[in-house]
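Here are some notes for your next look at the model.

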Amino acid sequence: EREEFPAETRVQELLSIGGQIYYETHFAPLLAMQGFVNEISFDLLTKDRQLLPVLATAVQRRSPSGTAIVNRITFFNVTDRRKYERELLTERKRAEEAALANAELAQQLQLDIGVRRQTEAQLREQVDLSAFAAHIAKQLIEQGNLTTMLRGCADIIMERLHAAHAAIWIFQEEDNMLELMASSGLYEDLDNSYARIALDRLKIGRIVVERQPRWTNEIAVNAL
């Protein structure tokens with residue numbers, strides 16, 4: 001009630017500490033500059049020292065010369081509105097947290113799927129290699145003739161690795177030469193310029209010396 005406030009009570013004294021600072025630094029200067037202020041949020045201190053959320057609207061009456069005469073400030077109780085705003089903020093925070101959790105879950109699922117695909121690819125590769133090795137072993141066991149045996153191995157390499165050409169040389173220690181024993185695919189003739197290769201010639205010779213495989217995507221340029 002009006003009677004509960006001494007006549008000399010200033011508006012600032014009714015506000016919280018933060019409200020007092022905002023009143024002095026923003027509200028009062030704005031009111032003095034433009035003559036009105038609309039819907040500024042404050043917390044009023046009640047007589048039992050509780051905070052009451054309000055919106056403040058002010059109009060300044062001035063003399064013809066522009067001198068301020070009186071400031072009329074109206075406070076509107078917005079307790080329900082503030083509660084609603086807090087609930088909205090809470091729900092928004094929950095929605096953001098849920099969205100973040102879903103994004104993290106989706107990322108984890110994507111990683112899991114990637115790992116699973118990689119594992120499946122590795123398993124398929126192992127199965128293919130095992131099948132390839134089994135076919136080669138069967139060929140080596142069942143065929144008695146060396147030439148037939150190696151030609152069968154060359155055919156298996158062609159089929160299982162989807163190659164255009166496969167050739168097999170054996171190393172002859174007595175003359176330090178590689179002798180072509182089997183050729184399958186594009187070139188099947190064993191009597192050609194690559195029938196016997198010295199170890200110091202061509203890439204195939206270096207493979208034998210270095211005992212390291214060589215890979216190329218330009219077979220026409222880097223064949224042998």
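1. The model is predicted. In it, H1 bends at Tyr 23, by about 50°. The helix covers residues 17–34. Its 18 residues reach 25 Å from the first C-alpha to the last, close to the 26 Å expected at 1.5 Å a residue.

2. The buried residues in H1 are Gly 19, Tyr 23, Phe 27 and Leu 31. Just after the helix, Gly 35 has a positive phi of about 85°.

3. Glu 24 also lies in H1. Glu 24 counts as partly exposed because its relative accessibility is 42%, which falls between the 20% and 50% cut-offs. Leaving out residues up to four places away in sequence, Glu 24 touches Gln 12 and Pro 29. Gln 12 is 12 residues from Glu 24 in sequence, and the two C-alpha atoms are 8.1 Å apart.

4. Ser 183 belongs to strand S5, residues 177–185. Ser 183 counts as buried because its relative accessible area is 3%, and the cut-off is under 20%. The side chain of Ser 183 makes a polar contact of 2.9 Å with the side chain of His 165.

5. With neighbours within four places in sequence set aside, the contacts of Ser 183 are Arg 151, His 165, Ala 166, Ala 167, Glu 188 and Leu 190.

How values were computed
Residues numbered from 1 in each chain as written. Predicted model: local features only at pLDDT ≥ 70, side-chain atom pairs only at ≥ 80, totals over all residues. Heavy atoms only, no water. Helix = DSSP H or I, 4+ residues; strand = E, 2+ residues; numbered from the N terminus. Buried < 20%, exposed > 50% of the residue type's maximum accessible area, 1.4 Å probe, protein only. Polar contact = N/O pair within 3.5 Å; in protein donor to acceptor, adjacent residues only side chain to side chain. Contact = heavy atoms within 4.5 Å. Expected span 1.5 Å × (residues − 1). Bend = angle between axes of the 7 residues up to and from the residue.
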